[in-house]
Amino acid sequence: MSAEQKPSSLVQGTLHMLILKTLALEPMHGYGIGVRLEQISKGVFQINAGSLFPALRRLERDGLIGGAWRATENNRRAKYYTLTAQGRATLKRETRGWEQQSAAIARIMSASLGEL
């Protein structure tokens, strides 16, 4: 990561959506979710455990993900999370909303004085 490329904080409300998307790719444990988000974002998003694990608990409580304890690759116990049908529907809805919002923001940010 270059000097001008530093980790940034997530836009408010996007962590849940990014967790759901990560789990749509494959089931994984909490630490793996954090690592995957950092990898896919090329280091822009570094999710700390103090944010990630409470978010996982909320998503599980709300029925969007399910969790089960099992052994990891290095034979440690970890809770593996999977996306539920309700989680898939929520991800689809949130993705659509995010795409609309980000397109609108892009239009605003690229507007010239004559367009305003």
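Author: Helix 1 and helix 4 are oblique to each other, in what is a predicted model.

Reader: How is a pair of packed helices described in general, and what are the values for helix 1 and helix 4?

Author: Two packed helices are described by the angle between their axes and by the distance between those axes. Here helix 1 and helix 4 pack at an angle of about 125°, their axes lying 10 Å apart, and the crossing of the two is left-handed.

Reader: Which residues of helix 1 and helix 4 meet?

Author: From helix 1 come Met-17, Leu-20, Lys-21 and Ala-24, which meet residues of helix 4 including Gly-87, Leu-91, Glu-94 and Trp-98. An α-helix has 3.6 residues a turn, so residues three or four places apart point the same way.

Reader: Which residues of helix 1 are buried, and what covers them?

Author: In helix 1, which spans residues 15-25, the buried residues are Leu-15, Met-17, Ile-19, Leu-20, Thr-22 and Leu-23. Their cover includes helix 4, but also helix 2, helix 3 and strands 1, 2 and 3.

Reader: In what order do the strands of the sheet lie?

Author: The sheet is open, with 3 strands in the order 1-3-2 and antiparallel pairing, and strand 1 and strand 2 form its edges, each pairing on one side only. Helix 3 packs on this sheet, where it touches strand 2 and strand 3.

Reader: Where does pLDDT stay under 50?

Author: That applies to residues 1-5, whereas the protein averages a pLDDT of 89.

Key. Residues are numbered from 1 along each chain as its sequence is written. This is a predicted model: local features need pLDDT of at least 70, side-chain atom pairs count only at pLDDT 80 or more; totals for chains, interfaces and linings use all residues. Side-chain values use heavy atoms; hydrogens and water are left out. pLDDT is the predictor's confidence in each residue, from 0 to 100. Contact means heavy atoms within 4.5 Å. Buried means under 20% relative accessible area, exposed over 50%, partly exposed in between (1.4 Å probe, protein chains only). Helices (H or I, at least four residues) and strands (E, at least two) are DSSP runs, numbered from the N terminus. Two strands pair if DSSP finds at least two bridges between them. Axes are lines fitted to C-alpha atoms, for helices over the stretch in contact, and angles run from 0 to 180 degrees between N-to-C directions. Angles under 35 degrees count as roughly parallel, over 145 as roughly antiparallel, 65 to 115 as roughly perpendicular and the rest as oblique. A crossing is left-handed if the near helix is turned anticlockwise from the far one by less than a right angle, and right-handed if clockwise.
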